[in-house]
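Thank you all for coming. Please take a moment with the sequence and the model before I start talking through the side chains.

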Amino acid sequence: APVGFFDPMGLSKDGDIATFQRRRSTELKHGRISMLAAMGYITPELTGKFPGYCSFSQNLKFSDIPNGLGAISKVPVAGWFQILGWMALCENTRADDFSYVGWGSDIKMGKPGDFGFKVLTASDEAGKQRKLNSELANGRLAMMAIIGMFFQDGLTGSAWGDWSLYTASPLRAAN
C-alpha cells in the first residue's frame, strides 16, 4: 500500500487472510469504478456528448441527457438493464479465461484485483509494485472525489456545483 499498512479501525487484527484479500479486492474494484465515474462526470462537460440517439423509440438524444445525478431519471429503463448486464458480465468473467464464470476469481487465484486484464505492467517487480500502489492510492482518491461530486450535485442540483444555486446553506451570509 502507498502509505504502508493502514488499518485504523483494526479490521484485519484477527489475521484472516481470506477476509483481507476480499476487502482488498473490493477496494480495488470500487477504486477502479470510482476513477471511471469521476472521469464520466467530467468528460462530457469538456468534450461534449456522443452524437445520435440514446433511444430512438423515445426520441432521446445523448445531448438531451444532463450530466451528473440528473441523468439517472433520464436514461430509459432498458438502458439501465444494459448497464447492469455489462457490469455483471465484467464481474463474473475473466479476460484471460472466458470459460471461468463466477464471483471472486481474483481471490481464488490469490491475486486481489487481477481479473486477467493486464494493464499495469513493468519490466521489474519494483516498478510493477509502484504502479499497483499508485492504482490503489488513485482509487482511494477517486472514491472520495466521486462522493464529493455526488454530494455537491445533490446540494446544488448542478453537476459542477454552482453554489449560487444552494440557497439553503447555513454558511451563506444573511443579506
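Predicted model: local features only at pLDDT ≥ 70, side-chain atom pairs only at ≥ 80, totals over all residues.

Let me begin with the charged side chains, where the count comes to three salt bridges. How many residues apart in helix 1 are E27 and R24? They are three residues apart, which means that about one helical turn separates them, and their salt bridge has its closest N and O atoms 3.2 Å apart. R24 is buried, at a relative accessible area of 19%, which falls under the 20% limit for that class. E27 also forms a salt bridge with R140, with 2.5 Å between the closest N and O atoms, and here the partners come from distant parts of the chain, since R140 sits in helix 4 and E27 in helix 1, 113 residues apart. R140 is partly exposed, with a relative accessible area of 23%. Taken together, R24, E27 and R140 are linked in a network of salt bridges.

The remaining bridge to mention is the one between R32 and E135, whose closest N and O atoms are 2.5 Å apart. Because R32 lies in helix 1 and E135 in helix 4, this pair ties together parts of the chain that are 103 residues apart in sequence. R32 is partly exposed, with a relative accessible area of 28%, whereas E135 is buried, at 14%. If we leave aside neighbours within four places in sequence, E135 is in contact with L28, R32, M35 and L120.

Turning to the nonpolar residues, the largest core has five members, namely A38, Y41, I146, M149 and A159, and the elements that contribute two or more residues to this core are helix 1 and helix 4. Again leaving aside neighbours within four places in sequence, I146 is in contact with S34, A37, A38 and Y41.

F50 belongs to the loop between helix 1 and strand 1, and F62 to the loop between strand 2 and helix 2, twelve residues apart.

Conventions. Residues numbered from 1 in each chain as written. Heavy atoms only, no water. Helix = DSSP H or I, 4+ residues; strand = E, 2+ residues; numbered from the N terminus. Contact = heavy atoms within 4.5 Å. Core = buried A, V, L, I, M, F, W, Y, C linked by side-chain atoms within 4.5 Å. Buried < 20%, exposed > 50% of the residue type's maximum accessible area, 1.4 Å probe, protein only. Salt bridge = Lys/Arg side-chain N within 4 Å of Asp/Glu carboxyl O.
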